[in-house]
Amino acid sequence: MNKPFMGEKPLAWQKRAPSELIENRVCFAGPHAELSIYDTYEQAQKVSLKASSLLYCGMVTGAKVMHTKNRENISFLPHESFILSPDEEVLIDFPEAQLDLPTTCLTIEISKERVAQICDRMNDIMSSSPIPTKTPIDPNQPLHTLHTQATQQLLNRLTSDFVQNDPDRDLLVDFGVSELVTRILRHHGREALLRFTQHNPDANGLTCVLHWIEQNLALPLDVNELSKKACMSRSRFYDAFKRQLNCTPAEYQHQRRMSRAYQRLQEHVSVTEVSYELGYQSLSHFSRRFHQHFGVSPRQITQEKLN
């Protein structure tokens, strides 16, 4: 499947007639994981979704409104990810579903044992920043985010691996699931670190730098100045940053700029205004970087939110 599946459906379930109008499910089992694709053909409210394992949800077409124990009315649109911890229930509204234009999403349920194995492996590699193995997603704060183009490409490939009858299918699925869990844990760990930084900006040199970047996203970065703020040599700061964040300071600033841009676009701020707020001198440059990161244009996000 070379093209993005957003708006498309693999032939393996395009040809199947629905047996249910609400959450009609087609399922594909794999090692330590299960892919489900849901089509809903009529509007509905408060439809329950729950799994005993970590559950990754990705929108394909249409829109949902999610209700968790601690949050209400969460808009869930294409190009977004929603991750639920084991045994967490979400209630779903389908405001747009129609018989000829169904709302479609996919879920990937990943066994607790596989998640724990990946956590342990990551902890072996990154012993200085351990990742929790029991509850990788905080049930009080389900992870809802616009995923990057790299994650979208992974989902395309993983969906294809589940659906197709390849002799190496199980191995390819396991590779894809491992990469997806790693991305979830990295994102979750980074969000947890960012929340800690916001409440404790002076806890150490690294949190001081992260707080400064967050408060000055429009300014260019100077690694020499950042290392001084961290009270480290340039080389030690650079190594510590990459070890903790798994990216360079410039890459981290880009990721935070994109996250802030998405948030501001959802608040109906114009693309031009968001571009200049975040320090881009060229609107075309901002739009190009946004599209490279998320796979959609800033105007598409604005239009989806308006709709």
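A salt bridge is taken here as a side-chain nitrogen of Lys or Arg lying within 4 Å of a carboxyl oxygen of Asp or Glu. By this criterion, Glu214 forms a salt bridge with Arg256 in the predicted model, the closest N and O atoms being 3.0 Å apart. The pair links distant parts of the chain, since Glu214 belongs to helix α5 and Arg256 to helix α8, 42 residues apart. Residues count as buried when their relative accessible area is under 20%; Glu214, at 8%, is therefore buried, and Arg256 is likewise buried, with a value of 11%.

The largest share, five residues, comes from α8. This core has 29 residues, and those with the most contacts inside it are Phe241, Tyr252, Phe286 and Phe290. When neighbours within four places in sequence are left aside, Phe241 is in contact with Leu206, Val209, Leu210, Ile213, Asn246, Cys247, Thr248, Pro249 and Tyr252. Apart from this core lies another, of 27 residues, among them Ile110, Leu155, Phe162 and Val177.

Among contacts with a separation of 6 or more, 67% are accounted for by residues 24 or more positions apart. The protein exposes about 15,200 Å², of which carbon and sulfur atoms supply 48%.

Six of the strands form an open sheet in the order β1-β2-β9-β4-β7-β10, with antiparallel pairing. At the edges stand β1 (24–30) and β10 (143–146), each of which has a single partner strand, so that one side of each is left without a neighbour in the sheet. The twist from one strand to the next averages 20°. The partner of β1 is β2 (residues 33–40), and these two strands pair in the antiparallel sense over seven bridges; within this pairing, Phe28 has Leu35 of β2 as its bridge partner. Helix α3 (residues 149–163) packs on the sheet, where it touches β1, β2, β4 (54–61) and β9 (103–110), and its direction makes about 100° with that of β2.

In total, the structure holds 10 salt bridges. Besides the pair described at the outset, Asp174 forms a salt bridge with Arg114, the closest N and O atoms again being 3.0 Å apart. This pair, too, links distant parts of the chain, with Asp174 in helix α4 (residues 169–199) and Arg114 in helix α2 (residues 112–125), 60 residues apart. Asp174 is buried, with a relative accessible area of 18%, and Arg114 also counts as buried, at 13% relative accessibility.

A further salt bridge joins the side chains of Asp170 and Arg169 at a distance of 3.0 Å from N to O. In this pair Asp170 is partly exposed, with a relative accessible area of 43%, whereas Arg169 counts as buried at 16%. Finally, Arg157, Glu179 and Arg183 are linked in a network of salt bridges.

Definitions and conventions
Residues are numbered from 1 along each chain as its sequence is written. This is a predicted model: local features need pLDDT of at least 70, side-chain atom pairs count only at pLDDT 80 or more; totals for chains, interfaces and linings use all residues. Side-chain values use heavy atoms; hydrogens and water are left out. A nonpolar core is a set of buried Ala, Val, Leu, Ile, Met, Phe, Trp, Tyr and Cys residues joined through side-chain atoms within 4.5 Å. Buried means under 20% relative accessible area, exposed over 50%, partly exposed in between (1.4 Å probe, protein chains only). Helices (H or I, at least four residues) and strands (E, at least two) are DSSP runs, numbered from the N terminus. Contact means heavy atoms within 4.5 Å. Accessible areas come from the Shrake-Rupley method with a 1.4 Å probe; for residues, only the protein chains shown count as cover. Two strands pair if DSSP finds at least two bridges between them. Axes are lines fitted to C-alpha atoms, for helices over the stretch in contact, and angles run from 0 to 180 degrees between N-to-C directions.
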